[in-house]
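I have the sequence and the model open side by side. These are my notes on what I looked up, in the order I got to it.

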Amino acid sequence: VRVLRHLALVAAAGPKSASSKAFVFLQRLLMPSVRVSEEDVILPLGSVPFRMWQDCCEEVLFPLVSLDFAEVAESRAGLDPDDATMRQSSSSKLLSQVVLAHMPSWTSASGFPSLFLRLIRVIVKQAQSADEAFQFIFTESLKNLLLMISVDPQFRELNSGAGGSLLDSTWAAVTPSFPDLRAEVGEIVGSGGAALLTMAPAPEPAPRSPQARAPRSPGAEHGAT
């Protein structure tokens, strides 16, 4: 988690070129199907306990969506607003992809429902606060996630822990901010357009970056973790 957080700090507040590379490294480390070369590091993610994934979400992915890292608050404040929003939308997309990729092995954990609802609220909050010009990017990422869980038989059977289904609790968290989204997803599902979506979609190929090295985070010399 420490290495992932280090990369997240760069993605959140580093120069544009370093931020782009940091997102690539995060994608490669968290989703082993994304490989550019045989030298890429492949983590044994199948053996990672759910508790560590919770820590990864809470310490790395959730704050990355909001760019909320105390260690780089000053650098974050200096970002161009449009640049900051694009980083947030990229983070939201990455979070959705990671969840969909690993959800089959997470759903048996007792803490999964609360973690999933938390991530939904994180994405919804950022989507709601984004400028209209960028809101579409957030909502499309959210829509894809909602579409996938709506056609997943295993997810539909999950209980939220509060007396109802996790799917219903998810929509309860989304609908107040995006009242039309459920109808849009329902129309896609009802038309059979989601019939082939039986697994998480493959993420976009990471761009090649010859001799790329993991960038240093802003203020790393001063002990940022």
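The entries below go from the overall fold down to single side chains.

**Ground rules**

I am working with a predicted model, where local features need pLDDT of at least 70, side-chain atom pairs count only at pLDDT 80 or more, and totals for chains, interfaces and linings use all residues. Residues are numbered from 1 along each chain as its sequence is written, and side-chain values use heavy atoms, with hydrogens and water left out.

**Entry 1: the overall picture**

I started with the secondary structure and got ten helices and zero strands for the protein chain. Here helices (H or I, at least four residues) and strands (E, at least two) are DSSP runs, numbered from the N terminus. Read from that end, the elements go α-α-α-α-α-α-α-α-α-α.

Next I checked burial. Of the 225 residues, 47% count as buried. My cut-offs: buried is under 20% relative accessible area, exposed is over 50%, and partly exposed is in between (1.4 Å probe, protein chains only).

The chain exposes about 11,600 Å², and carbon and sulfur atoms supply 53% of that. These accessible areas come from the Shrake-Rupley method with a 1.4 Å probe; for residues, only the protein chains shown count as cover.

Then contacts, meaning heavy atoms within 4.5 Å. I took those between residues at least 6 apart in sequence, and 72% of them join residues at least 24 apart.

**Entry 2: helix H1**

How far apart should the ends of H1 be, at 1.5 Å a residue? The twelve residues of H1 (residues 2-13) should span 16 Å, and the end C-alpha atoms are 17 Å apart, which agrees. The expected span is 1.5 Å times one less than the number of residues.

Nine of the twelve residues of H1 are buried, so this helix is largely enclosed by the rest of the structure. Among them are Leu4, Arg5, Leu7 and Ala8. The buried residues of H1 pack against helix H2 (16-30), helix H3 (50-66), helix H4 (73-77) and H5.

**Entry 3: helix H7**

H7 has 19 residues and reaches 26 Å from its first C-alpha to its last, close to the 27 Å expected. I listed its buried residues, including Phe134, Phe138, Leu142 and Lys143. They pack against helix H5 (81-106), H6, helix H8 (153-156), helix H9 (166-174) and helix H10 (181-190).

Isoleucine 137 also sits in H7 (residues 132-150), but at 33% relative accessibility it counts as partly exposed. Met86, Phe136 and Ile137 form a nonpolar patch on the surface, with about 280 Å² of accessible area together. The patch rule takes residues with over 30% relative accessible area and no salt bridge: like charges are joined within 9 Å, nonpolar side chains (Val, Leu, Ile, Met, Phe, Trp, Tyr) within 5 Å.

I also looked at glutamine 126 in helix H6 (residues 112-129). Glutamine 126 is buried, at 10% relative accessibility. Leaving aside neighbours within four places in sequence, glutamine 126 touches Val65, Ser66, Gln88 and Phe138.

**Entry 4: salt bridges**

A search of the whole structure gave me seven salt bridges. The test is a side-chain nitrogen of Lys or Arg within 4 Å of a carboxyl oxygen of Asp or Glu.

Arginine 5 pairs with glutamate 71, with the closest N and O atoms 3.0 Å apart. Arginine 5 is in helix H1 and glutamate 71 in the loop between H3 and H4, 66 residues away, so this pair links distant parts of the chain. Buried or partly exposed? That is what I asked about arginine 5. Arginine 5 is buried, with a relative accessible area of 18%, while glutamate 71 is partly exposed at 31%.

Glutamate 58 and arginine 118 meet in another salt bridge (3.1 Å, N to O). This one also links distant parts of the chain: glutamate 58 is in helix H3 and arginine 118 in helix H6, 60 residues apart. Glutamate 58 is partly exposed at 37%, and arginine 118 is partly exposed at 37%.

Arginine 87 and aspartate 83 meet at 3.0 Å, N to O. They are four residues apart in helix H5, which puts about one helical turn between them. Arginine 87 and aspartate 83 are both buried.

I also noted a network of salt bridges linking Glu140, Lys143 and Glu184.

**Entry 5: cysteines**

How many disulfides does the structure hold? I found zero, using the cut-off of two cysteine sulfur atoms within 2.5 Å. The sulfur of cysteine 57 is 5.7 Å from the closest cysteine sulfur, in cysteine 56, which is too far for a bond. Cysteine 56 is buried at 3% relative accessible area, and cysteine 57 is buried at 0%.
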